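Okay, everyone, thanks for coming. I've got one structure to show today, so let me put it up on the screen.

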Amino acid sequence: MKSAARTFSTTLLTLILTVNSSFALSCLPPDAVRLYSSARDSNDLFAIVVGRLHPNGPIAAPKVGAKQGGTDDAKATTQVRMSGRVLGETAFENTFDRDIDVTITCLSIWCGAAIVDQDILAALRLTDNGPELEIGPCGGMAMPTAQADLDALLRCHVSGKCGGI
């Protein structure tokens, strides 16, 4: 009897672990050309910026499970300074240094996190209230930078040939 109970317990535990892992969030790896193309093809206006976030304190984290706007998806916004260079006609050629709103969003229990210790590539939505950067659980409109990513983005921007994106 103990053997059957142990087998049942082991089977149940395996089933629970398998079911729980099937609900994990699966994200595509960050891609500069995809981020750029998403902003370019949006109905909203965006500025593409390479730079760094300079918060005056902690960036607010959403309260997971808090209902906002009739959904279970939480968000929190913090104003921070961002400095860097904004994409022009052929390069990241113009200085960018201003306050922006950083909005961290969640999908169920998974939330985004701002990168503050290194340069990022960001697509800032231009709103009536100023630039806004939305960072979701899969990165949203920001990602760490690498020169190869920036080179691919610039090729896409200048030539219009974006590698099937």
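So, starting at the N terminus, the elements go α-α-β-β-β-β-β-β-β-α. That's three helices and seven strands, and keep in mind that this is a predicted model. The protein has 165 residues, 32% of them buried. If you take contacts between residues at least 6 apart in sequence, 68% join residues at least 24 apart. The accessible surface is about 10,200 Å², with 54% of that on carbon and sulfur atoms.

Now, the cysteines. How many disulfides does a search of the whole structure find? Three. Number the bonded cysteines in sequence order and the pairing reads 1-4, 2-3, 5-6.

Let's begin with Cys27 and Cys138, whose sulfur atoms sit 1.9 Å apart. This pair links distant parts of the chain, 111 residues apart: Cys27 is in the loop between helix H1 and helix H2, and Cys138 is in the loop between strand S6 and strand S7. The S-S torsion there is about -65°, so the disulfide is left-handed. Cys27 is partly exposed at 35% relative accessibility, and Cys138 is partly exposed at 40%.

Next up, Cys106 and Cys111, again with the sulfur atoms 1.9 Å apart. The link is right-handed, with 100° about the S-S bond. Cys106 is buried at 5% relative accessibility, whereas Cys111, at 29%, is partly exposed.

And then there's the disulfide from Cys156 to Cys162, S to S 1.9 Å. Its torsion is about 80°, so that one is right-handed. Cys156 is buried at 1%, and Cys162 is buried at 11%.

Conventions:
Residues are numbered from 1 along each chain as its sequence is written. This is a predicted model: local features need pLDDT of at least 70, side-chain atom pairs count only at pLDDT 80 or more; totals for chains, interfaces and linings use all residues. Side-chain values use heavy atoms; hydrogens and water are left out. Helices (H or I, at least four residues) and strands (E, at least two) are DSSP runs, numbered from the N terminus. Buried means under 20% relative accessible area, exposed over 50%, partly exposed in between (1.4 Å probe, protein chains only). Contact means heavy atoms within 4.5 Å. Accessible areas come from the Shrake-Rupley method with a 1.4 Å probe; for residues, only the protein chains shown count as cover. A disulfide is a pair of cysteine sulfur atoms within 2.5 Å.
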